Amino acid sequence: MKNSIDLFCTVIDNYGDAGVTYRLAQIMIKIGYTVNLFIDNFSVIKKLNTNIKDYSINVQGISSVQEIKEQQISQKLTLRYWIPEDSTKYNEEAYRDFSYTPSQIIIETFQCKLPKEITKTFTHNTVWINLEYLSAEKWVEDCHKLQSFQINNIKKYFFFPGFTAKTGCLNYDENFAKITKNEALCNTINEFKNDINISEDIKKMFKVLIFTYENKALIPLLRAIIKNRPNSIFFLPKGKSTQYLENNKIFNQLLKDHPTVKTVKFEMINQEKFDDLMKAMDLNVVRGEDSFAQANITGTPFLWHIYPQDEDTHLIKLKAFTDIYAENCTDELRITIEKAFFSLNQSDKEEKETLSNFNNFMIKYQEICTLSAKWSDHLLKMGNLGRQLDSFIQKTQNILKVNK
Ligand code: TRH
């Protein structure tokens, strides 16, 4: 019987913080752990699993974290509310009647700030891990599993997801990797059966998910896709990219000019159904961290709208990824891929060049299918983040036992 894990998540914005931790919690449970997921925003995580109750309506007026009821989501997953130390809602009053017995394993995500009311309960027996953001940058390998001494000399370990065996690898569910594209497509047809554009016919259509931030480059991208695949069907989840397209006259004219092109607009669906949708697609145009990680595992082509950062530091992360993803390609294919990824992330560039870059990507679609399938196989061979964490936790616990 494995131990329990206290997994801490702060929702910064969007859905990825909750998406990554909620997925990881389920994976660690499948490996044998019990997980207490501490999260400070129930309305976001409820989007990923509609069975979760949203107590956030009370949160504004609460004076103690204890007032928000914990939720037993499954036999081994409990959801608890918490307030990070750097939150405007944090004060010592909020933790006045906080009852907390720490698990031996603590995983804080993305350096969320654990308040002293929590850290003071840790001992030299605590396995304290900080899970970092996903990056393909080389320095990640050198920092992976580094330790730093915290208050009262307790060690904290830095754990980096990544794309090589010298990192913590990718956060994906092993079952997700096993489900076939056809099974995922059947599940998707069932999920969207009430939509007029959904029938068995979509099996012959070119299926595209568009899930990005607001992005001017989406118009030239859609032009290139439709030009090369006139029988396209676009899956458009409610949110930033769909809102941008709906308000865009050119997009609406494109649909009028190409009656064979279909769209399926939808409210957010549970994370596991969204995984099926991604697996069923012929092209995933995704964003952030969690949907991007899943797109890498699907084995089909994808494009990534990276979370924008100041001073364009996100473009350094983007280049690090396209370098590793296309490193075994011909120069011509590598340049085609890199230009398409950068065109999606530099929407201020001249539209003619952007359109040409996406058109070249679509012309080389079959070659990119071969690359994506090989890339996914390569990643799957390394195992997922959950397995890497499990092996690290076991080793660290054994060392603690010996040092006792
Ligand atoms: O929502 P995001 O933009 O989240 C981002 C990133 O996590 C980024 O790293 C972080 O810094 C920023 O938030 C604050 O994109 P991401 O990471 O793909 O997360 C989206 C989650 O939402 C993912 O788990 C998939 C899930 N999802 C569903 O479950 N159902 C849906 O219908 C849709 C559209 C998404």
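Predicted model: local features only at pLDDT ≥ 70, side-chain atom pairs only at ≥ 80, totals over all residues.
With which residue does Glu174 form a salt bridge?

View 1. Domain 1 contributes 26 residues to the contact, and domain 2 contributes 26 residues.

**View 2. The area buried between domain 1 and domain 2.** About 2,200 Å² is buried between the two domains, and carbon and sulfur atoms give 51% of this area. On the side of domain 1, the residues that lose the most area to domain 2 are Arg23, Leu134 and Phe163. Together, Arg23, Leu134 and Phe163 account for 28% of what the domain 1 side buries.

**View 3. Salt bridges and polar contacts across the domain interface.** Glu174 forms a salt bridge with Arg387, with 2.8 Å between the closest N and O atoms. Side chains of opposite charge can pair when their charged atoms come close.

**View 4. The side of domain 1 that touches domain 2.** Two or more residues of this side come from each of the elements α1 (16–31) and α2 (42–48). Of the elements, α1 gives the most, with 5 residues. By class, this side of domain 1 has 11 nonpolar, 8 polar and 7 charged residues.

**View 5. Residues around the ligand.** There are 24 residues around the ligand, and those that come nearest are Asp13, Tyr213, Ile269, Asp290 and Ser291. A polar side-chain atom of Tyr213 is placed 2.6 Å from a ligand oxygen atom. For Ile269, a backbone N or O atom lies 2.6 Å from a nitrogen atom of the ligand. The side chain of Arg287 has an N or O atom 2.8 Å from an oxygen atom of the ligand.

**View 6. The salt bridge of Glu108 with Lys156.** The count of salt bridges in the model comes to 23. In the pair formed by Glu108 and Lys156, the closest N and O atoms are 2.7 Å apart. This pair links distant parts of the chain, 48 residues apart. Glu108 belongs to strand β5 (residues 105–109), whereas Lys156 belongs to strand β8 (residues 155–159).

How values were computed: Residues numbered from 1 in each chain as written. Heavy atoms only, no water. Contact = heavy atoms within 4.5 Å. Buried area = accessible area lost by both parts, 1.4 Å probe. Salt bridge = Lys/Arg side-chain N within 4 Å of Asp/Glu carboxyl O. Polar contact = N/O pair within 3.5 Å; in protein donor to acceptor, adjacent residues only side chain to side chain. Helix = DSSP H or I, 4+ residues; strand = E, 2+ residues; numbered from the N terminus. Nonpolar A, V, L, I, M, F, W, Y, C, P; charged D, E, K, R; others polar. Near = heavy atom within 4 Å.
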